[in-house]
Each structure stands twice: as structure tokens, then as C-alpha cells.
Amino acid sequence: MKLFNIKAMVLLASSALTFTSCFNLDEEVFSEVTESTFVPTEQDVASLMASAYNPLTYIMDWQGLFDAQEESGDVVITPTRPNGWDDGGTYRRMHQHQWNSESWQPENCYDTPYGAIGNANRILDQVKSDKLPTGDLKTSTIAELRAIRALWYMMLLDTHGNVPIVTAFNDSVPMQSTRSEVYKFVVKELKDVIPDLSEEVSAVTYGRMTKWAALTALARVYLNAEVYTGTPQWQECLNCCNEIINSGKFSLAEDYKSIFAYNNGPSNPEIIFAVPYDSKYTAFNMQHKWFPPVAKKVFGVSSDYFWGGSCANPQFIASYQDGDKRLKETWLIGPQYDTKGNLIWTCNNYLPSLTCMKDGINYTSIDYGYRIWKYGNDPQTTNGGWGNDFPFFRYAEVLLDKAECLLRIGQNKEEAAQIVTQLRQRDFDDKAKAAVSVTDLEGDSRINYGTLDWDNKIDVPGDQTAIKLGGLYDEWGIEFACEAQRRTQMIRFGTFSTKNWFNHTAVTDGHTVLFPIPLSALETNSNLQQNRGYDSNR
């Protein structure tokens, strides 16, 4: 879905400030639009802020946030395929938690936010000094810029933790802050600006930090506060959720698949904040990693970029309950045919290993592994990229946030079960199967953890301790599979550093819950120290 006032309007941002030509020679030609004559509209202001938003498209690009969050978790696996794309072992390192300070995914999750933060700070400085006049929109513009900057810091808080807090656009070398300090900064920024953010929910505010997006961001930070600071903030998270729910601005989409369709957008009642993509100008490119080259015959597209690496961990797939439609709405399963009915390839819930090598023989196959099918094919694409918007925040998250807080606090547990049941009802034709009890949510996970052998049977079980709120943990995993959240979920529920899965053996010292500060950052800022457990030179 197109976002004219944030993405496409970047070009207007530059032209609104410096015009260099004019087609009507009868008109008086100005070499530039001066501050005194520039009276901005809301559309102009949105275009000025675009550079703080546009880097969000890295989320669903290769080696971006999606890879960092999903490849390191227990849902998505990227083995080496017959046509290569081992990429120097990057996906194996992510799966086995062997990344270092030069690994692409952690580095991109550091560099991209700081690039966007720099853009936000530059525009903030200009707006505050009236070098970019915003008239009556000055207060709301400053609030929105601080909100999107806080969103970027929210990501850094989660991925790298101990990072510099930079709030001005200058050449000074920033000092490093602790994770707790970054947490306090993010919380304060969001709380400060929420009163001045727009409450409007429409195409005009779609893809922008509104009051509701900021509240959802704050809820997510509070939900993970115990991880970030050692002190839980369940009630504060619950308060944010209740404010969003009571606003009546959002509701669950009737069709789960519609949330991720190529034509999703402002009309979807569930999307609170989205990252807009466009199949022509700013394409969604992760699908090239998910499907083999023959997929273009199935999808009827001309793209030659498919290579067919990523697929589902068989253990995670086995955790779906009978009748849960999210299985087929998230994953491409079984025989795949072209438009003439010819069998092209088959997606089986089997995967022998990351390298698919045994005794020097390559046993891999394009048939191995259910492929990611959550984001529907874009029939309008002309270059292989898709235009599906990425739902960064959606109403289902707010509901699960509330349910988890109620269970963690230990009050109104039945309401938590009702919330999860409500969420599941759209995904089961048999509504009785959708119902869950408090006992279900507080029970152990259905995921059978342990490394797998070549027959996909448990080889090394590893830690088999029951997961607290394991039923809710499963619901988080299934509802938000392939939405760049799994790593965060696993850390909060205590499985990221304790459980074995597929070819991953637990790194039990816990240092991988934070990514390393990139070597490039360490080399350019002597004030930085490497995160625990990583060699400063790696």
C-alpha cells in the first residue's frame, strides 16, 4: 500500500526547499523557497520527516531485523540449498548463536537505527530553530520526530542494549549508556510526546507514529522491562493496553491472511503501525530468500531472484494444533503446481541439517521445509519485489500483551484466557478447539525441544525444564511467526539461552541475548565497550 505522505513525499521534501527550474516562463522564477515564503501544509511536514521513517524498510530486507530476530530463534531455518547461497555461513552462525562483531545482521541492526536517528536529530534541530518552519504544526512535528526516534532506540535497546543516546545533530563523540539508561530514555521520550501525537487513524496517519503507535511501543518496552532492567513493569504495560483497547480505534481483522496481503494498508482495522512497501519503488524483498527459483512458475511472476533457502523448523510446525488455520495461512505446504496443473515442487515438513551434507554427499532438496507464506504474493509486481506493508504493531499484540500481564500479575486470569480464546477464534472453524483455559496457558509448551538427527528425531534433548506460561508462549510464537519478534519472545520466556532446537545447542552463559557492538563502531568511537561475552576485536 502506498504511503504518499511519508515515503513517496521524500522527493517533495527536497523540492519544497529548493526549486531550481520552472516550466512556465511567464511566471517569476525564484531560485529557492525562502523560510519567509514557505507556508507548510501537513503534507509538506510529513515529507520533511520521511528520512527518519524510510530506513524502516530494512526490516524486511536481507540481513535486516527480520533475519536477526527470526534466524536466531526456533521458527525459521535457512539451510544451504543446491543452488548455493550459503553466504559464507551467515545463516548457520545466526542459528547456532555464533555471530560476532562483524556479522551482517547485528551490524545492520545497529547502523540502520543510528542512520535514522541522525536524520531525526537533524530535522529536529532544524524545526526547533525554525530553519524548517512548520507553523502551527511545530509541536506535533517535534513530538512525532521524537516518537520515531524513540522507536529506533526501542530496537537498539532490545538488540544491543548498551548503546549511546544521541539527541542532537553534531560532531561530538557520544558516550555509551547502559541498557537501563536507554530503557529510561525510551520510556520518558514516549510518555512525554504521547499527549502531542495525533489520535487520528486514517490513510493520512498510516505508517506514522500516532498516539496509538507510541502507546503500543511503550507497551512492548514495558512488557520486556524485566529483561532490560531486571524489574518487571506488568501493570504499566497493562495500562497502555487498556488505553488502546478502550479507544475503540482498532479491532481484529476478520481474515488473518488479509493483515499480510499485498494490498493491506490503512483499511485494515488491526494494523496500528506499518512499514509501507511498494513493489515498484521500495520493494519487500525477503520472499526471494523463501522460495526456490521454480516458484516463479507457481506464482506466475517473472522474478529470477528466488533461491529457496529459508523455511520452517519442523519442531515448530509440529506445535500447531489440529484445525488451526494459521498453519496454512503462514506456511506453504505440500505439492505446488503451475497454472497448468503441473507439479513444480513439494514442501515437506522435513529438514535434515543446516548444510544438508552427510558423508560428503549433498542430501538437500527444494522439497525440504515448509516455506514462509504469511505475506501473500503480489500479482502487480514487475520486478520481483512485493508491495506488502509490514505490520510492525497490530492489535493482536496489544491483546496478547494484556493477557500476559494479567497472567504474570496473577489476577483476572480468566479474562486472560478469554482474550486468547477471542484471538484464536478467527483461526478455527471449530470454535470449541479455539477455546483455551488458564491451565492451558500456564502449562508447558507443545514444542518438543532438543537438537534433531537426520530423521528429525530428538538427538540431544538439552534442558527439558517446563516453560512458565508455555501455552501462552506457543500462542505468541504461532500468532506472530515470521514477524520479526521471535528472538524477543524467547528471551522474555527464558528459552533463548536454555533450549536446544534443530541444529542449535544452547549457549548457556546467556551472553547472546545481546548482539555485539559492531567492530566498525568500536573502531570509530573510543568511548564504546563491547558487550559481555564478545571479544572486543571480533
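This is a predicted model: local features need pLDDT of at least 70, side-chain atom pairs count only at pLDDT 80 or more; totals for chains, interfaces and linings use all residues.
## The nonpolar core

The largest nonpolar core has 153 residues. Leu56, Ile59, Met60, Leu151, Trp331 and Phe392 touch the most other members. Helix α7, residues 138-159, gives this core its largest share, 13 residues. In soluble globular proteins, nonpolar side chains tend to be buried together.

## Strands β2 and β10

Strand β10 covers residues 390-394, and five of its five residues are buried. Its partner here is β2, residues 271-275. Four bridges join the two strands, which run antiparallel. At one of the pairings, Ile271 has Arg394 in β10 as its bridge partner.

Strand β5 (residues 334-337) pairs with β6 in the antiparallel sense, over four bridges. Gln336 has Trp345 in β6 as its bridge partner. Strand β6, residues 343-347, is mostly covered, with four of its five residues buried.

Five residues lie between the strands of this hairpin. There, Gly341 takes a positive phi near 90°.

## A three-stranded open sheet

Three strands form an open sheet in the order β12-β11-β13, with mixed pairing. The edges are β12 (458-460) and β13 (501-502). Each has a single partner strand, so one side of each is left without a neighbour in the sheet.

Strand β11, residues 450-452, pairs with β12 in the antiparallel sense over two bridges. Thr451 has Val460 in β12 as its bridge partner. Strands of a sheet pair through backbone hydrogen bonds, either parallel or antiparallel.

Pro461 sits in the loop between β12 and α20. Its relative accessibility is 37%, so Pro461 counts as partly exposed. Not counting residues up to four places away in sequence, Pro461 touches Tyr449, Gly450 and Asn500.

How far is Pro461 from Arg394, 67 residues apart along the chain? Their C-alpha atoms are separated by 35 Å.

## Helices α16 and α20

Two packed helices are described by the angle between their axes and the distance between the axes. Helix α16 spans residues 395-409 and helix α20 spans residues 470-479. They pack at an angle of about 170°, with their axes 11 Å apart. Angles over 145 degrees count as roughly antiparallel, and that makes α16 roughly antiparallel to α20.

Which residues meet across this pair? From α16 come Ala396, Glu397, Leu400, Asp401, Glu404 and Leu407. From α20 come Leu472, Glu475, Trp476 and Glu479.

## Gln63, a buried loop residue

Gln63 lies in the loop between α3 (50-53) and α4 (65-71). Is Gln63 buried or exposed? Its relative accessibility is 9%, and buried means under 20%, so Gln63 counts as buried.

A polar contact of 3.1 Å joins the side chains of Gln63 and Tyr91. Leaving aside neighbours within four places in sequence, Gln63 is in contact with Asp87, Thr90, Tyr91, Trp104, Gln105 and Asn108.

Key. Residues are numbered from 1 along each chain as its sequence is written. Side-chain values use heavy atoms; hydrogens and water are left out. A nonpolar core is a set of buried Ala, Val, Leu, Ile, Met, Phe, Trp, Tyr and Cys residues joined through side-chain atoms within 4.5 Å. Buried means under 20% relative accessible area, exposed over 50%, partly exposed in between (1.4 Å probe, protein chains only). Two strands pair if DSSP finds at least two bridges between them. A polar contact is a pair of N or O atoms within 3.5 Å; within protein, one must be able to donate a hydrogen and the other to accept it, and residues adjacent in sequence count only if both atoms are side-chain atoms. Contact means heavy atoms within 4.5 Å. Axes are lines fitted to C-alpha atoms, for helices over the stretch in contact, and angles run from 0 to 180 degrees between N-to-C directions. Angles under 35 degrees count as roughly parallel, over 145 as roughly antiparallel, 65 to 115 as roughly perpendicular and the rest as oblique.
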